[in-house]
Amino acid sequence: MAKPTLTPLEIYKALPGTNCGKCFLPSCLAFAAALVAGRLKLSDCPDLAPDQRQTLAGRLQPRESRETEQAEFMDKLRAKMGTIDLAAVAPLIGATYQDQRLAIRSMGKDFLVDAHGTVTSECHIIPWVEAPLLSYITHRTHAEITGKWLSFRELQGGIDWQGLFTSRCETPLRQLADANPDLLGDIIDLFMGRTIPWYEADIALILHPLPKVPILICYQAPEEDLESVLNIFFDECCAVNLHIKSIFTLCSGLVQMFTKIAAQHRSPPT
Ligand code: SF4
C-alpha cells in the first residue's frame with residue numbers, strides 16, 4: 001500500500017486551526033490524523049480554503065483501498081444477516097420482531113433492520129451506527145446485563161485497543177465536558193440516559209448505544225489545580241455481546257456525535 005505523503009502535522013498547518021468541531025472531531029490535529037488514516041476526507045472540513053484543499057488533495061494517499069475494505073466488511077455483515085433467525089435472536093439481544101424486521105433501540109431511538117441488513121429509522125441513520133448494529137445482531141454469543149462495570153482494558157481484547165480508546169474516546173470527551181459544562185446533562189435528555197450515584201464523580205450517566213451494551217460515563221470537573229477526570233465503563237456483558245473493535249467504533253462514533261452537538265450549541269443564533 002502506498003505510504004501517505006504528508007504527516008498529520010504538515011496537514012494541520014494547512015487547516016483553519018479553529019478546532020470548531022464541524023468535522024465531528026475535537027480538534028484540527030485530530031482531523032489531520034483521521035485524514036492520514038483514511039477515515040475522513042478533505043471535504044469533511046467545511047472551512048478548509050479551496051486552495052489549501054487543492055494542494056492537500058494532490059499529496060494525500062487515495063482512500064479507495066480503505067473504502068473498499070469497509071464496503072467489503074459491510075457486505076459480509078449483510079450476507080451474514082441472511083443466515084440469522086431474526087425472530088429467535090430478537091429476545092436474546094433486547095429487540096422485538098415485527099413485520100419480518102427487528103426493532104432495536106439505540107440511544108433512545110428506534111432502528112428497524114431486515115434480513116438483508118437494511119437499516120431504517122425515523123431519525124437520520126448515522127454511518128457509524130450501522131456496522132456495530134449489524135455486528136451486534138450477528139454476534140455469536142449473548143449475555144444479560146449484570147450491573148457489574150468494567151473499564152475498557154478489563155474487557156476481552158480491550159488492552160490491545162486501550163491506547164486508541166483513550167485518545168479517541170475518553171480524552172476528547174473529557175475535554176469536551178470541560179469546555180461545555182451542560183453537555184452531559186443535555187446528553188441525558190437527548191438520548192434517554194439516566195444518572196446513578198458514583199464514588200467521586202460529579203456526574204455518572206448510563207447510556208444504551210445498544211440494548212445490551214450499556215456504558216457508564218463518569219465525570220469529575222476540574223477543581224483549582226486538579227485536572228478533570230473522565231472514565232467510560234462497560235457492563236461486563238458488553239464484550240460477550242459485541243466484538244471489542246465494534247465497542248470501540250461505537251464509542252468513538254458517540255464522541256464524534258457529542259462533539260457535533262456541542263459545536264451546534266456554541267454556534268451563535270442566525
Ligand atoms: S472542521 Fe475540523 S478540521 Fe476543519 S476547522 Fe473545524 S475542527 Fe478544524
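How many bridges pair strand β2 with strand β3, and in which sense, parallel or antiparallel, do they pair?

## The β2-β3 pairing

In this predicted model, strand β2 (residues 101-106) and strand β3 (residues 109-113) are joined over 5 bridges in the antiparallel sense. Within this pairing, I104 has F111 of β3 as its bridge partner, and L102 stands opposite V113 in β3. The two strands form a hairpin with 2 residues between them, and M107 in the turn has a positive phi of about 55°.

In a regular strand the side chains alternate between the two faces of the sheet.

The open sheet consists of 4 strands in the order β1-β2-β3-β4, with antiparallel pairing. Because β1 (96-98) and β4 (119-121) stand at the edges with a single partner strand each, one side of each is left without a neighbour in the sheet. Neighbouring strands of this sheet are turned by 35° against each other on average, direction ignored.

## Domains and ligand

The protein chain is divided into domain 1 (8-62), domain 2 (67-138) and domain 3 (149-266), and the centres of domain 1 and domain 2, taken over C-alpha atoms, are separated by 31 Å.

Around the ligand there are 13 residues, of which C20, C23, C28, F31 and C45 come nearest; by class, this shell has 8 nonpolar, 3 polar and 2 charged residues.

How values were computed: Residues are numbered from 1 along each chain as its sequence is written. This is a predicted model: local features need pLDDT of at least 70, side-chain atom pairs count only at pLDDT 80 or more; totals for chains, interfaces and linings use all residues. Domain bounds come from an automatic or database domain assignment. A residue is near a molecule or strand if its C-beta atom, placed from the backbone, lies within 6 Å of it. Ala, Val, Leu, Ile, Met, Phe, Trp, Tyr, Cys and Pro count as nonpolar, Asp, Glu, Lys and Arg as charged, and the others, Gly among them, as polar. Two strands pair if DSSP finds at least two bridges between them. Axes are lines fitted to C-alpha atoms, for helices over the stretch in contact, and angles run from 0 to 180 degrees between N-to-C directions.
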